[in-house]
Amino acid sequence: MSVKVGDRVPSVTLKHLTESGMQEVSTDDLFKGKKVVLFSVPGAFTPTCSAKHLPGFVDNAEAFKAKGVEDIVCLAVNDPFVMQAWGKVNNVAGKVTMLPDGNGALTKALGLEMDGTAYNLGHRGQRFALVADDGVITRLDVEKPGAFEVSSAEYVLKNL
């Protein structure tokens, strides 16, 4: 069962790669005391994710800040090295936090995993976007399989 509006973002600790090396980041710290938009993609460097999903949030980062969003987080069931490389290619510095969920711990805790084994992708996260205030989910939009509508930057921004 997936999380719903009114639930807290599950408490999970993940690892991500920074200029200082591999660092742990907890969702408790990431969401504490601020408004955060988290969007999930099935995979870094995949067609829709690279052409539309991530670039939409990068391009609209200032508009999100103007609406009180303090952090935009891109989540994918990929390793920290892939997420760092994908972020660099898309010039996310200062705009989007790249959060690798290599083992799918957060994705599973949210109840939003998907089985992509038929496409040789393994187990990944569904495409979705959520808004959280101080760790409490205030909006959650999950895409239908194959769709890219309700988790786009433009849709999320319009509904803030």
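Rings of Phe, Tyr and Trp (for Trp, the six-membered ring) were taken to pair if their centres lie within 6.5 Å, with planes under 30 degrees apart counted as stacked, over 60 as edge-to-face and the rest as tilted. The structure is a predicted model, in which local features need pLDDT of at least 70 and side-chain atom pairs count only at pLDDT 80 or more, while totals for chains, interfaces and linings use all residues. Residues are numbered from 1 along each chain as its sequence is written, and side-chain values use heavy atoms, with hydrogens and water left out.

By the ring criterion, three aromatic pairs were found. In one of them, Phe39 and Phe57 are stacked, at 3.9 Å centre to centre and with 5° between the planes. This pair links distant parts of the chain, since Phe39 lies in strand β3 (residues 35-41) and Phe57 in helix α2 (residues 47-59), 18 residues apart. Helices (H or I, at least four residues) and strands (E, at least two) are DSSP runs, numbered from the N terminus. Phe57 also forms a stacked pair with Phe64, the ring centres being 5.5 Å apart and the planes at 20°. Buried denotes under 20% relative accessible area, exposed over 50% and partly exposed in between (1.4 Å probe, protein chains only). Phe39 is buried at 0%, as are Phe57 at 0% and Phe64 at 0%.

Strand β3 is part of an open sheet of five strands in the order β5-β4-β3-β8-β9, with mixed pairing. Two strands pair if DSSP finds at least two bridges between them. Strands β5 (97-100) and β9 (136-142) stand at the edges, each with a single partner strand, so one side of each has no neighbour in the sheet. Neighbouring strands are turned by 20° against each other on average, direction ignored. β3 pairs with strand β4 (residues 71-76) in the parallel sense over six bridges, and Val36 stands opposite Asp71 in β4.

Helix α2 lies across β3, β4 and β5 and runs at about 180° to β3. Helix α4 (residues 80-89) also packs on the sheet, touching β3, β4 and β5, with its direction at about 160° to that of β5. Axes are lines fitted to C-alpha atoms, for helices over the stretch in contact, and angles run from 0 to 180 degrees between N-to-C directions; contact means heavy atoms within 4.5 Å.

His16 is located in strand β1 (residues 13-18) and is buried, at 18% relative accessibility. Neighbours within four places in sequence aside, His16 contacts Gly21, Met22, Gln23, Val25, Pro80, Met98 and Pro100.
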